[in-house]
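Here are my notes on this entry. Please read them beside the sequence and the model.

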Amino acid sequence: MSAGVTTAVELKMDWEIQEDPQRTADFQARIDAKGLIEVDDWMPHNYRVGMLRMCEHHANSEIVGALPEGEWITRAPSLLRKLALIAKVQDEVGHGQMLYHVCQDLGKPRDQMLRDLCTGKTKYHNVFNYPAPTWADVAMIQWLVDGAAILNQKSLAEGSYGPYVRTMKRINMEEAFHFKSGEDMVLTLMSGTPRQKKMAQEAFDRWWAPCLMFFGPPDSDSTKTGPFMTWRIKTKTNDTLRQTYVDRFAPAAKALGLIIHVAHKDKDGMVAIKPDGNPDMVVDEQIQFDEESGHWGFTQPDWDEFFRVIKGNGPCNKQRVALRRFSHEQGHWVRQAVMGSAGLPPSAN
Amino acid sequence: MGLSKIRQIEAHDDSELSFPPEGDAKPYEVFIQLNRGQPHVHSGTVDAVDGKMALSYAKKHFGRDQECVHMWVVPREAMISTNYDGEIIWPLTDQGYRLVRGYAIDVRRKWERFRDQEELDRYQDDDIKEMF
Ligand SMILES: [Fe+2]
Ligand SMILES: [Fe+2]
C-alpha cells in the first residue's frame with residue numbers, strides 16, 4: 001500500500017469493553033424512546049461496529065446483487081424491459097454508494113471496503129450466490145428477492161441509527177419500482193404461453209428457498225439477535241420477517257398458478273434431476289393457511305445448504321467475487337485519472 | 001471644534017471619509033433542524049469572518065424565533081449549484097419505466113385476472129407507496 005493512504009484501525013466487536021455507565025444508560029434511553037442516533041453522537045463501541053458491519057454487508061449486497069441482473073441487460077426481451085433493467089441495476093449500485101457513505105462516516109474507508117469485498121474478507125447477501133439462467137429468473141428476482149428486501153428494509157427503516165434509517169427510506173422508494181416492475185414481468189409470464197409459464201415455474205423453484213433463507217438463520221441459531229434488537233439495529237427477528245414474507249407471497253404465488261415445491265438442489269444451484277429424469281422435488285404440503293394462527297405454513301429451507309453457501313461453497317460465490325474483482329481492477333485507471341494520481345490534473349467535472 | 005459641531009459635518013463624497021473601504025465579511029448560509037432525524041432546512045444568511053462567528057450569529061438570529069435542535073452554517077463560496085436558466089435537471093423524456101407509476105395501473109389490471117379485489121387489496125396494502 002502506498003504511503004499516505006489511510007487505513008482505519010480494525011473495527012472489531014469487543015464484549016470486554018467497560019462503557020461509561022451513565023452514557024450507556026442515556027444512549028439506551030434515547031433508543032427506547034424511539035430516538036435516533038447521529039454520526040457525532042456518543043455510541044458504545046459495539047454499536048458502532050455492529051452498525052458498520054451490517055451496513056457494509058448491505059452495501060456489498062447492493063453492488064454484488066447488480067451483477068446477475070446486469071448480465072441480462074443485453075438480452076432483455078423488449079426495449080421497455082431493457083430500459084427498466086438498466087434503471088434497476090443503476091439504482092442498486094446507487095444504493096451501494098449511499099450505504100458505503102454511511103459506513104465511511106462510521107469509520108471505515110470506502111477503498112478498504114471495496115478491497116475487502118474483492119478478497120472475500122467481507123461478505124454480501126447469500127441470495128446472490130444463486131444462478132439466474134433464464135429471463136424468468138430476472139422476473140423472479142425482482143418480485144421475490146426485491147420483495148424480501150423491501151420487507152427487511154422496511155423493518156430496518158424503524159431502526160435507531162439516523163443516517164442508515166434515512167438511507168433506508170430513500171432506498172425503499174426505489175425498491176418500490178423494482179418490485180412493481182418485477183410483478184409486471186411475473187404477471188406477464190404467468191398470463192402467457194405454456195412455455196412462458198413453465199419457465200416461470202422453473203425459476204420460482206430455484207428462488208423460493210433462497211428467499212426463505214434471505215431473512216437469515218432461525219432465531220434459535222442467530223447469535224446477533226439479542227443486543228441488535230436491544231439497540232434497535234434490527235427491529236424484527238429473522239423468523240418474524242420470514243413468516244410475514246410467506247403470508248404475503250405464498251397465497252400470491254398460488255393465485256398465479258405457481259406451485260411451491262420443496263426442491264433438492266445440485267451444486268450449481270439448479271433443481272437436481274433424479275435418475276428417472278424428473279426433478280428432485282415434491283409439492284410443499286405445509287403451504288396451507290392455518291385459521292387458528294392466522295398464518296401460512298411452510299417447510300423450512302435446507303439450513304445446511306445455507307451455511308455451506310455462506311462459507312463460500314455456493315453455486316456462484318467464486319464467479320461473483322471474481323467478476324467484482326475484475327470490474328474493480330478494470331476501473332483502476334478511471335479512478336486514477338479522476339483522482340489525479342496518474343499525474344493528470346483532477347477532473348474539472 | 002467642539003464635539004457637537006463635529007457630529008454635524010456632512011460628507012458628500014467617498015473621498016471625504018477619513019477611513020478606507022473595509023470590505024464585507026463573508027456570507028454563510030444557515031440551515032436549521034427542528035427535530036432530531038429530520039432534514040436541515042435553509043433559513044437564511046449571516047455575514048461573519050469565520051465559521052465560529054457565523055454559528056454564533058446564526059444561533060442568535062435564527063435559533064430564537066423557533067425551537068430548533070441543530071444548526072449548520074456553510075460558507076456560501078463552498079456551495080456549488082445549478083443555474084435556473086438553461087440547465088436541465090429533470091429529464092425531458094418520459095421515464096415512467098423507472099417509477100412505480102409507470103406500472104401500477106397495468107399491474108393491478110393483470111392481478112385482477114388472478115385474484116379477487118379483497119385479496120388483492122390486502123396484498124397491495126404491504127406495497128411501499130412511492131413519495132418522490
Ligand atoms: Fe437495492
Ligand atoms: Fe432492488
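1. Donors here are N, O and S atoms within 2.8 Å of the metal (3.2 Å for Na, K and Ca); water is not among the atoms, so sites may look incomplete. By that rule, E62(A) (OE), E92(A) (OE), H95(A) (ND1) and E175(A) (OE) coordinate the iron ion (ligand 1) at 2.0 to 2.3 Å. Their spacing in sequence is E-x29-E-x2-H-x79-E.

2. This is a predicted model: local features need pLDDT of at least 70, side-chain atom pairs count only at pLDDT 80 or more, and totals for chains, interfaces and linings use all residues. Residues are numbered from 1 along each chain as its sequence is written, chains are lettered from A and ligands numbered from 1 in the order in which they are written, and side-chain values use heavy atoms, with hydrogens and water left out.

3. The iron ion (ligand 1) and the iron ion (ligand 2) lie 3.5 Å apart, bridged by E92(A). E92(A) sits in helix α3 of chain A and E175(A) in helix α6 (residues 162-190) of chain A, so the pair ties together parts 83 residues apart in sequence. Both E92(A) and E175(A) are buried (under 20% relative accessible area, 1.4 Å probe, protein chains only).

4. Just after α3(A), G107(A) has a positive phi of about 125°.

5. Chain A holds twelve helices and four strands (DSSP runs: H or I, at least four residues; E, at least two; numbered from the N terminus). Buried residues make up 51% of its 349 residues.

Definitions and conventions: Buried < 20%, exposed > 50% of the residue type's maximum accessible area, 1.4 Å probe, protein only.
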